[in-house]
Amino acid sequence: MSPAYLLKRLALIGYTLFVVSLLVFGITQILPADAATMLLGENATPAALAAVREKLGLNDPAWLQYWHWLSGVLQGDFGTSTRTGQPVGPTMFTALGRSLQLALLAILLTLSLALPLGIGGAVNRGKAADLGVSITSYIGVSIPEFVSATLLILVLADWLQWLPATGYVPLSENFGRGIEHLVLPVLTVSIIMIAHISRMVRSELVDVLHTDYIRAARLKGLPPRTVLFRHALRNALLPTITIVALDVGYLLGGVIVVEEIFALPGLGRQLIVAIQTRDLPSIQAGALIMASTYAIANFIADLAYAWLDKRIQYG
Amino acid sequence: MGELFARMRRSPQGLLGMILVATMLVIAITGPWIAPYDPETFAPLLRYKPPTFEHWMGTDQYGRDILSRLLVGARSTVLMAMLASALGTLAGALIGTTSAYLGGRADEAIMRTIDAVMSIPSLLMALLIVTLLGKSSVNALFAIGIAFTPGMARVTRSVALAVRKQDYVSAAIARGESARYIVWREMLPNVVAPIIVEMTIRVAFAVMLFATLSFLGLGAQPPKPEWGLMVSESRKYMGQSPWMILWPSLSIATVAIGFNLLGDGLRDALNPRT
Amino acid sequence: MSILSVDDYSLDYAVPAGLRRALDGVSLHIDRGEVLGLVGESGSGKTSLAWAIMRYLPESAKESGRIALGSQPLTGATPGEIAAIRGKRIGMVFQDPGTSLNPTLTLGAQLSEVLVLHRGLAKKEAETEGEALLARVGLRNPAAMMRRYPHEASGGEKQRVVIATAFACQPELILFDEPTTALDVITARQILDLFAELQEETHVASLYISHDLAVVSAIANRVAVIHRGHIVETGPIGDVFAKPRDSYTKMLLEAVPRPGHRIVATQPDAQSAPLLAADRIGVTYGRKSFVSSLLGRAQERFAGNREVSLTIRPGEILGIVGESGSGKSTLAKALTGLNPFTGEIRFGGRAIANLRAMDEAYRRDVQIIFQNPDSSLNPRQRVREILSRPLALYGETKGGKTRDVIAGLLEQVRLPAEFADRFPHQLSGGEKQRVAIARAFASNPKLVICDEITSSLDVSVQAAVIALLVELQRIHGTSYLFITHDLNLVRQIAHRIAVMYRGALVELIDVSRLPEGAVNGYTRELLAAVPAPLSARA
């Protein structure tokens, strides 16, 4: 990978984060809520309100407010929550940590199931098992998280009583019970991803298995296992990196819903609460952090892909 | 048109997709007329009923007939989702085609910006916009439409670029055809087909997104019979009646599956070379 | 006993409409040290036979008859027996080295693995042996080549690796499926020579499949001609090509371009002023990358054409030959306003300095036909609409109804009038190309640029299309700029030939002065590399 390529990707992610910050700030800044009223309450005197507005810099032109906010963010200061009065940064980042736990477990689960399913489907194309898996994944992609969450709670928590329905226990406190509380959320959020990625893997692998070079490998007398594992998979799985990276977007959306349903104190939950209470700084921080996480995940995937794929021309 | 339907019938996805979507559309349009009961009438004595002869799908926590609520709510879910997709596709197609037409630096700048915008996950984007505009079905529609725009812009642009490279476009340019003719008669007919396929598949996603927004309390507001809202409200009463949650969940999934199938079927049918 | 014997072998594919016969009662044999050329056009079944021999048939295939490798029957063999044969006793060399090599494995890895598998070598030994093999096939830095990935090697280098792989396990039989079709002429020649060398040395029995009779005549001992699944003629190459008995063979031989056999009878008027004069046409590709300029790197702008100057007289056919990347299509696109260019074009006395100056009159008189008929006709337009465009643009209806004019155009290219209602995918390759020709001639142009228009067609179809072009030229007196990589073909029809190399025009010569009169080194190399058609193998 040439330095020029790296430079270019870094410049791009810088631009991406800039645009994201602009969008997040721009959308939320148009909110009709008045931060001063939120802070002091409905019965505050006009004078007090004016003073607070001045202090918060609400009378400055939009671009100046953006600049204040951005420079604050770059120094680690995300402002103060209008709901709790606490600094937003630390709250959000702790919440992010918990969401990342959930997300990473989900990705692990997804990959360990989706890859074998997709590969099996491609290799057994057209047979009954493949059809069954195909249909199941079709359905899996069409069920929103809140539906599958609700159904899973119904079956596994209420009827069978195997797992707790809601709640959260930090893994550092009690690993076993912590995991218990995470099983259903991770499962819920993974269903769509497993369905989606297994279909993509299957489709990629089917295409690869039809290429001339796989045919050549077979006609060289190589045994089927060698053809699959040494020749085919490395070509089929490379694009999977990109797809998984893109799915992180769905994952983050799913995380929002799932944290709400299972009462997990993650970034998604913080966002929902912030939205419902019009806590502007929290909304801005939460959205910025979430989008940045997605952008960075894609950035890492890009680099991984470029490093693995010899054919990309760099620079 | 007739030829298109004939081709659609040939594949299992196409056939099934057409049937499902057509049924859903009929329900969406005629829902209020064919519903046996008024979706908003309370009937406290008939709460939590399982499916019976009088109420084919049972009743909810206020004794309202679930079937009627589904039939009337189909409008919100299905039609809104289709409109949101169409909105996003139109806006996205405009941006994407323009970008492809401009080419060069302008194209790259536009696409990098689109990529940056797409860093905001769809649900998050929709949430932000709904927060901005206020909670309602219509605002959710706009939110989803806006959230879809960058994705559709990318797809349109890549399709437009691929078409632009074809020799028949070069032949038209070499003939001295006007830009208008080239875009309308040479490029667009070949661009429209893949876009329609993509849009159809997006409707499935829009249905899910719309229901999710309502579920979170940011889309349709009670007492509207929107399906996502119905699921949200029924969560508390799962013990009393699982049917309340089952029927709307099944309906959402069925619509999404239907549009996915339709999209796949359309993809095969619209391919001019087969 | 023959190494390969095929006895009364038939192959059908089960398709929705029933059974489609691919091979019908095919019989042939190849002995040790022999090269059998299998010649046929697309759809003849020649590739199906290769798959049948390798036992690589889909489940929908139904066979009858017998194929045997020595004493071992192949038809009816168990998967275990087949696995033991593939790569070890029968090797195969494919058409396009670009797609038959795994892009994510090194060339060395793909070579060593057969040595490990079939010759039982340890990994280190296989690598050493692999290097030796690469040296044997003429690669200059074998050790480095072992570590390269396919995209880092040229077409010729890749094909040598593929050949090395096929010969590596000393098989009894090797199938060659058009191994030089995807390569440029000079490289193809080198590969053919390499093949001849190796075959002499190892006495491997070879089945050489090709549509190109000239190539086959250069390397085969015997030839079998296959048409629609039947072997219509077979015998020693000298006999078959000198005294063909079957009518299809005769037709095929007639269709092969032979430089000595001139098709065009007309001559341009030597005194008349040039119709088109191109003066130092230059085309560059590539955009300045922002990051590169930031890093102070030199800009890499790729030159498509470097100061190309040539003239075409009225009624003249000017041939342009060169390899891919030589700039011939770039020039064609510049002349028709598809590429921005520097320099000047003078047409009929008028100066055309840039794209904007190309007005309706110019475009009416200068038409272009593209190589790939699949992409040059809009798949969503019927033939009627495709042909009506030039009429609408240039107002050539001449008072007659458009419908009649279109029927007339179709007749001119020997297509039935009903084709006007068809879509391109309902036509064959040759028919599509005729429609493209009709479209070009609709405006009665003075110059038609033909950009490799027959390169993707079968030899017999090509002959028919060329005959059509020649006829149209005779009737209308149109000039052609005929671009091709086929030297033999262009020598049959062109009056003068321009040779292009790496974007520059290196030679412009009257066809009558070829081949001895060629001055430029590259031209001479090109002429030497082209297979002398149909001379029996020495």
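# Exercises on helices, contacts and overall size

Just after α4(A), G76(A) has a positive phi of about 95 degrees. The model is predicted: local features need pLDDT of at least 70 and side-chain atom pairs count only at pLDDT 80 or more, while totals for chains, interfaces and linings use all residues. Residues are numbered from 1 along each chain as its sequence is written, and chains are lettered from A and ligands numbered from 1 in the order in which they are written.

**Exercise 1.** Describe how α5(A) packs on α12(A).

Step 1. Helix α5 (residues 88–123) of chain A and helix α12 (residues 280–308) of chain A have axes 10 Å apart, at an angle of about 40 degrees. The axes are lines fitted to C-alpha atoms over the stretch in contact, and angles run from 0 to 180 degrees between N-to-C directions.
Step 2. α5(A) and α12(A) are therefore oblique to each other (under 35 degrees is roughly parallel, over 145 roughly antiparallel, 65 to 115 roughly perpendicular, the rest oblique).
Step 3. V88(A), G89(A), M92(A) and L96(A) of α5(A) meet P281(A), S282(A), A285(A), G286(A) and I289(A) of α12(A). Contact requires C-beta atoms, placed from the backbone, within 7 Å.
Step 4. This contact has six nonpolar, three polar and no charged residues (nonpolar: Ala, Val, Leu, Ile, Met, Phe, Trp, Tyr, Cys, Pro; charged: Asp, Glu, Lys, Arg; polar: the others, Gly among them).

**Exercise 2.** Describe the side of chain B that touches chain A.

Step 1. 33 residues of chain B are in contact with 36 residues of chain A.
Step 2. On chain B, α4 (104–117), α5 (122–133), α8 (179–215) and α10 (243–269) each supply at least two residues.
Step 3. α5(B) gives the most, with eight residues.
Step 4. By class, this side of chain B has 23 nonpolar, seven polar and three charged residues.

**Exercise 3.** Describe the side of chain A that touches chain C.

Step 1. The contact takes 18 residues from chain A and 24 residues from chain C.
Step 2. α9(A) gives the most to this side of chain A, with five residues.
Step 3. Eight nonpolar, four polar and six charged residues make up this side of chain A.

How values were computed. Contact = placed C-beta atoms within 7 Å. Helix = DSSP H or I, 4+ residues; strand = E, 2+ residues; numbered from the N terminus.
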